[in-house]
Amino acid sequence: MEVLLGITGKDFTLVAASNAAMRGVTILKAEDDKTRTLNSHTMMAYSGEAGDTVQFAEYIQANVQLYGMRNNANWQLSPPAVASFIRQELARSLRSRNAYHVNLLIGGFDTTTNKPHLYWLDHLASQASIPYAAHGYAQYYCLSILDKHHHPGISLEKGLELMRMCRDELVKRLPIDFKGLSVKVITAKGVQKIELETAT
Amino acid sequence: MSLFASPSYPPVGYAASAPRQHAFNPYTDNGGSIIGIAGDDFLIMAGDTRHTSGYNINSRTEKKVFRLSEDSTLVLATVGFGADAKDIAETMRLAVNDFKFQHNLKNMTVQAAAQYLFTVLYGNRFFPKYAYCILGGLDKDGKARLYSYDPVGSYSKEGERRAAAGAASSLIVPFLDNQVEFKNQYVPGTNFTVEREVEYLPVDKVKKLVKDAFTSATERHIEVGDGLQLVTISKDGYQEELFELKKD
Amino acid sequence: MSNPFSINGGAVVAMVGKDCVAIGCDLRLGMQALTVSNNFPKIFTYGDAYLGLTGLATDVTTMAELFRYKVNMYRLREERAIEPETMANLVSSSLYERRFGPYFVSPVIAGINQRTGKPFICGFDSIGCIDFAKDFIVSGTASDQLFGTCESLWEPDLEPEDLFETCSQALLNSVDRDALSGWGAHVYIITKDKVIKRLLKGRQD
């Protein structure tokens, strides 16, 4: 019951992940971070097979950062470039004997075009660029909420409000406590953690 | 497919160690397709006349549209497992005939026949007759009525304007959506805001659509072809025409 | 359900007209019954050749990118655009290379040969067998429906605008009867000196 959520707006991308590390019905950890920052304006959230997730995420993180070091600080991978790279790596692994079983959301903000980006990738490396996204059970509960309330030009406040609506719905409907969401926002200023006020 | 081309016992295995089980497969798919289209005061029911088992053609002249009595407008088209399809048609024919003598020579209404066909099909709920049915006729006001059924009897009492069933239904249905119900068609000049209104089609136009649908289905589906049985029911009674379809 | 060709859904159709061709695709990307995106085009352009890809979404993207690479290399080597017929053989051999571990895609090519001016369409199975058709090619989860609509609506020597209407109606009415396809469509109408790309809204269910 891992939850991954992503919402874009006028000048930001929000990416949220549940805090619970689960194994079957047991909660092993209540403050698990299922996100990695890749470079100054991109991050990814991941869910899937334990072990595969962190291994793949850190492999990607290391390679994106290596690219950053090899190149001029003003010439960094854009969010679409990062997403394409990740998809290619995941697609390559798919045809191997031990494929990574990882689902991803890639959030970013392109500082050259001032556009937010959100990519949805599943464990088969199917990629879609979409205005809002979810993985796992959150898809069934949250996508309908976002279908109704989301607009491409929403403000950060509205984005956070939508995130709260999704969180509250999940708390209400999911049978297991996912220990809340860690929310990160990507804007022109970079990646920042945001506290989502607790449910009333 | 060819393994179950006819109702059969499974082939006997030679492996001595593997446990063998007796099983009888009571169903076959004999292919073919049927269409029914309701006009205002007439009805067209049609079916191809090919009867298949797997890749074999058993008959090129087996009709799928049955007239339920000589003096009523009731017509039933069935497709699926040929034996079950014929049995349903015979059951309905008997029931319509019986009804007449039980009710002072009054014919069964099309609504009553529709409900009765449901009873027949649902009566076999736990050993279904594997046949898809389309039932049609004129009501007491002379208006065309058309009903379509799944093998266990689900049908809509409101009836349909057009129905298709059988092997090539997936090819025919979207064509009929477009040409009979004018789906995805808009009134020119309205910038796609006003949908083209559905209207009853004249009989010659409907016949043309049915022939087009079957020549197309024949072209792309191996279980459809040989002949087209086209039945027209109107105030002038029952009229049956036979057309050639490709035999390859 | 576990058939890789019907996990994500999608439909592509190509048609020949009088000195023109049309190619159209739907826009849905799904995971089984859940729609994930309604903006996932399945037609990709490579100079004069238009490639439609249906099947497993990951392989659709992989193939599209692989051919972008291969066609760019071809253009650098030959200093000219690739002809649709050449593209067909490139697609065929690339697919057959993976004969025993195929990409789960059903490609379709449409285009007009700029040298001869002749319209060209063709389709493939997932291991590269080419289907050269004179009329139309269909592929995807709505292929049965497309065969029905195309076979009844299409006629020879349609003018560009009539071909566009025929192709669009065939596509739209087919995807409306397939739960895994739809959510809008792209249709390209290609003549020797002009290409028009149109976005069709279609039913959003």
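In chain A, the loop between strand S7 (102-110) and strand S8 (115-121) holds A:Asn114, where strands (E, at least two residues) and helices (H or I, at least four residues) are DSSP runs numbered from the N terminus. This is a predicted model, in which local features need pLDDT of at least 70 and side-chain atom pairs count only at pLDDT 80 or more, while totals for chains, interfaces and linings use all residues. Residues are numbered from 1 along each chain as its sequence is written, chains are lettered from A and ligands numbered from 1 in the order in which they are written, and side-chain values use heavy atoms, without hydrogens and water.

Most residues other than glycine have a negative phi. The table lists two residues with a positive phi, with their relative accessible area (1.4 Å probe, protein chains only; buried under 20%, exposed over 50%, partly exposed in between).

| Residue | Phi | Relative accessible area |
|---|---|---|
| A:Asn114 | about 55 degrees | 48%, partly exposed |
| B:Asp226 | near 75 degrees | 2%, buried |

B:Asp226 lies in the loop between H4 and strand S10 (227-234) of chain B.

Turning to the interface, 15 residues from chain B and 16 residues from chain C take part in the contact (heavy atoms within 4.5 Å). The rule finds 3 salt bridges across the interface of chain B and chain C, a salt bridge being a side-chain nitrogen of Lys or Arg within 4 Å of a carboxyl oxygen of Asp or Glu. The side chains of B:Asp177 and C:Arg177 form a salt bridge, at 2.6 Å from N to O.
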